[in-house]
Amino acid sequence: MTHSAHHPLPFISEPTATDSAISVRGLTKRFGEFTAVSGIDFDVARGEIFGFLGPNGSGKTTTMRMLTGTIAPQSGSIRILGEDVVASPEKVKRRIGYMSQKFSLFEDLTVDENLRFYAGVYDLPADEFVKQRAYVLEMAGLVGREKELTANLSVGWKQRLALGAATIHEPELLFLDEPTSGVDPVARRHFWDLLYDLAGQGVTLFVTTHYMEEATQCGRLAFMYAGRIIAEGSPREIREQHLLDIGDRDDSGRLRTASIEDVFVRLVTREREEAGR
Amino acid sequence: MNWKHVRLLIWKEFLQLRRDPILLALLLILPVLQLVMLGYVVGADVKHLSTAVVDLDRTVTSRRLAESFASSGYYDITQRPAKESDLRPLLDRGDVKVALVIPEGTESRVSAGEAAPVGIVVDGSDSRTASVGSGYASQLIAVFNAKRIAEQGISIAGPGIDARVRVEYNPSLRAVNSMVPSLLATILLLTMSSVMSQAVVGERERGTLELMFVTPISRGEYLVGKLTPYILIGVVQMSLTALVGRTWFGVPFHGQLWVAVLGLFLFMLTTVALGLFISLVSHTRQQAQQVVIFIMLPFFVLSGFIFPVASMPTVLQVVTYAIPLRYAIEILRGTFIQGAGARELIWQLLALAGFSVVMLTLALFSFHKRLSD
């Protein structure tokens with residue numbers, strides 16, 4: 001699955017510490033008495049696949065909404081692709097894409113109408129649209145089904161079409177909100193191939209997910225719990241570091257090999273116990 | 001405001017509407033059917049009321065009185081009980097709506113030039129039937145008396161009083177002429193506010209609303225793109241119902257046309273904005289629908305649509321000033337029936353303009369608020 005030739009990136013730069021795709025400092029959001037996000041910091045380098053994990057209600061979605069400029073934080077700073085999102089949320093919108101498996105498409109529009117709509121939303125010129133449409137249809141495997149109602153597509157196709165719609169304007173940074181929930185394993189694998197293609201072209205991916213085996217496919221991860229980031233690093237770093245922390249050894253005294261899921265469950269359990277004390 | 005974006009949103013909205021034939025029917029066909037149906041129901045002449053006659057006098061006069069009821073066309077004499085006590089079960093069962101009781105000695109009293117009381121019993125459970133039924137009856141008796149007096153030569157009256165009175169007293173004509181104009185506004189309110197109330201909350205439920213604000217589409221563009229299709233449909237609906245009202249019911253129009261059109265248009269903006277506001281503050285489509293139903297009742301009761309504002313208690317009369325439908329009905333009845341123009345209706349027009357501005361501002365404000373939390 002290499003579509004790099006059809007999907008040229010408008011802007012490629014070397015990831016450096018100062019030129020990160022996302023840079024968040026002291027980000028806080030309160031809803032009345034409830035603190036949904038409590039002073040978090042993190043950076044995402046350009047071209048990285050960044051996995052954002054956490055149980056429901058951990059502040060994951062709220063963080064994502066602040067990053068995309070949908071809601072404003074109480075305090076803290078967000079820089080997306082070098083722009084200050086808190087001060088001017090509109091500036092960066094043409095350079096980012098957003099896809100969620102559930103919501104990205106209008107079900108009562110056809111495949112073609114959905115693509116046409118998103119091309120219009122991002123003011124794509126006509127010639128550019130022709131090119132991108134052909135690319136998306138081929139990528140999603142929907143050539144010849146342009147006139148079909150989106151509601152009639154099966155989940156895997158919908159999801160690939162949603163990815164196509166979200167990237168029709170060739171964004172530098174793509175937010176994916178649980179993109180594979182409800183998708184069968186084969187289609188999920190296929191979808192991740194497409195994500196690797198995008199990453200290979202230099203697109204930065206910010207992915208929230210519930211699937212732990214999906215998390216291991218990310219370059220770097222952040223675990224969120226009760227509004228805070230409780231672990232951060234590459235999947236391997238997280239596994240090793242937190243196994244040592246927990247000190248879980250088998251009978252012969254060696255560190256037990258744990259999956260990301262084990263670490264995740266342990267971390268959350270520990271947090272809950274500490275909160276209960 | 002990027003007009004290309006607005007055009008794109010309008011195009012999308014119309015595509016979605018086209019795929020929803022029930023919604024389109026609700027907005028364009030149902031209003032016409034409602035107008036025709038309600039026009040007949042509320043404007044219908046009350047005729048052929050089943051009537052019982054208790055003739056205790058059994059004279060020429062009493063028989064002629066009963067006969068005058070039967071021949072009027074408003075009363076069908078279906079029962080002739082022998083005594084007054086037989087009436088109650090007939091009324092209880094709903095067998096008769098009206099009863100005429102002619103006491104013994106009526107003829108002798110009339111002949112002696114005395115007042116002869118006649119009893120008229122009306123089923124009051126349906127106030128409309130009751131008022132019309134008793135109204136006709138007193139009219140008929142007045143005519144009957146006039147005839148008798150004329151026959152006895154006490155005064156010289158021309159022939160045909162009977163017929164003339166019946167033509168002049170024609171409630172059916174009056175009812176349709178005042179009901180159809182108010183129905184134009186009422187039906188607009190019913191359909192537009194309920195459909196509009198679903199418009200944004202539906203997108204919120206599906207998640208496509210929030211998605212819009214990750215894209216370069218601005219809130220203003222979204223609102224204009226959302227409202228415009230419904231305003232256009234509202235204009236088509238208004239024209240359809242007005243046309244049917246004029247042609248089907250032959251309702252005359254005496255006033256300034258532009259005043260009626262402007263008034264109805266401002267009212268339509270108000271209802272669309274009201275629906276939009278409800279849609280923005282509701283969490284689910286069901287909730288939005290319930291709010292609409294809750295709001296409709298006071299609108300109908302306090303607008304003068306059913307009950308005249310002048311006959312309401314003073315406190316409630318004050319409340320009616322807050323009901324936009326009141327002004328729309330005043331403008332429409334004023335222009336259709338009374339031949340009023342801008343000079344007479346300027347306050348109603350200004351009130352509706354104020355309502356539409358306030359409602360749209362409120363909608364815009366709640367839109368900003370809702371998305372920031």
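Predicted model: local features only at pLDDT ≥ 70, side-chain atom pairs only at ≥ 80, totals over all residues.
Local features were taken at pLDDT of at least 70 and side-chain atom pairs at pLDDT 80 or more, whereas totals for chains, interfaces and linings use all residues. Residues are numbered from 1 along each chain as its sequence is written, and chains are lettered from A and ligands numbered from 1 in the order in which they are written.

Chain A has 8 helices and 10 strands; helices (H or I, at least four residues) and strands (E, at least two) are DSSP runs, numbered from the N terminus. Of the 277 residues in chain A, 40% are buried. A residue is buried if 20 or more other C-beta atoms lie within 10 Å of its own, exposed if 12 or fewer, and partly exposed in between, with C-beta atoms placed from the backbone. Among contacts in chain A between residues at least 6 apart in sequence, 70% link residues at least 24 apart; a contact requires C-beta atoms, placed from the backbone, to lie within 7 Å.

Six strands of chain A form an open sheet with mixed pairing, in the order β6-β7-β8-β3-β9-β10. Two strands pair if DSSP finds at least two bridges between them. The edges are taken by β6 (96-100) and β10 (228-233) of chain A, each with a single partner strand, so one side of each lacks a neighbour in the sheet. From one strand to the next, the twist averages 15 degrees.

Strands β7 (residues 173-177) and β8 (residues 204-209) of chain A are parallel and share 5 bridges; D177(A) has T208(A) as its bridge partner in β8(A). Two helices of chain A pack on the sheet. Helix α4 (residues 155-166) of chain A touches β6 and β7 of chain A, and its direction makes about 165 degrees with that of β6(A). Helix α8 (residues 260-276) of chain A touches β3 (49-53), β9 (220-225) and β10 of chain A, and its direction makes about 30 degrees with that of β9(A). Angles run from 0 to 180 degrees between N-to-C directions, and axes are lines fitted to C-alpha atoms, for helices over the stretch in contact.

In β3(A), 5 of the 5 residues are buried, so this strand is largely enclosed by the rest of the structure. Buried residues cover both faces: I49(A), G51(A) and L53(A) lie on one side, and F50(A) and F52(A) on the other. β3(A) runs parallel to β8(A), with 5 bridges, and L53(A) is bridged to T209(A) of β8(A). Pairing of β3(A) with β9(A) is also parallel, over 4 bridges, and L221(A) of β9(A) is the bridge partner of G51(A).

Between the chains, 19 residues of chain B are in contact with 21 residues of chain A. On the chain B side, α1 (3-18), α10 (208-212) and α16 (342-372) each give two or more residues, and α1(B) gives the most, with 5 residues.

The axes of α2 (residues 111-121) of chain A and α1(B) come within 10 Å and cross at roughly 160 degrees. α2(A) is therefore roughly antiparallel to α1(B) (under 35 degrees counts as roughly parallel, over 145 as roughly antiparallel, 65 to 115 as roughly perpendicular and the rest as oblique). E113(A), F117(A), G120(A) and V121(A) of α2(A) make the contact with L8(B), K12(B) and L15(B) of α1(B).
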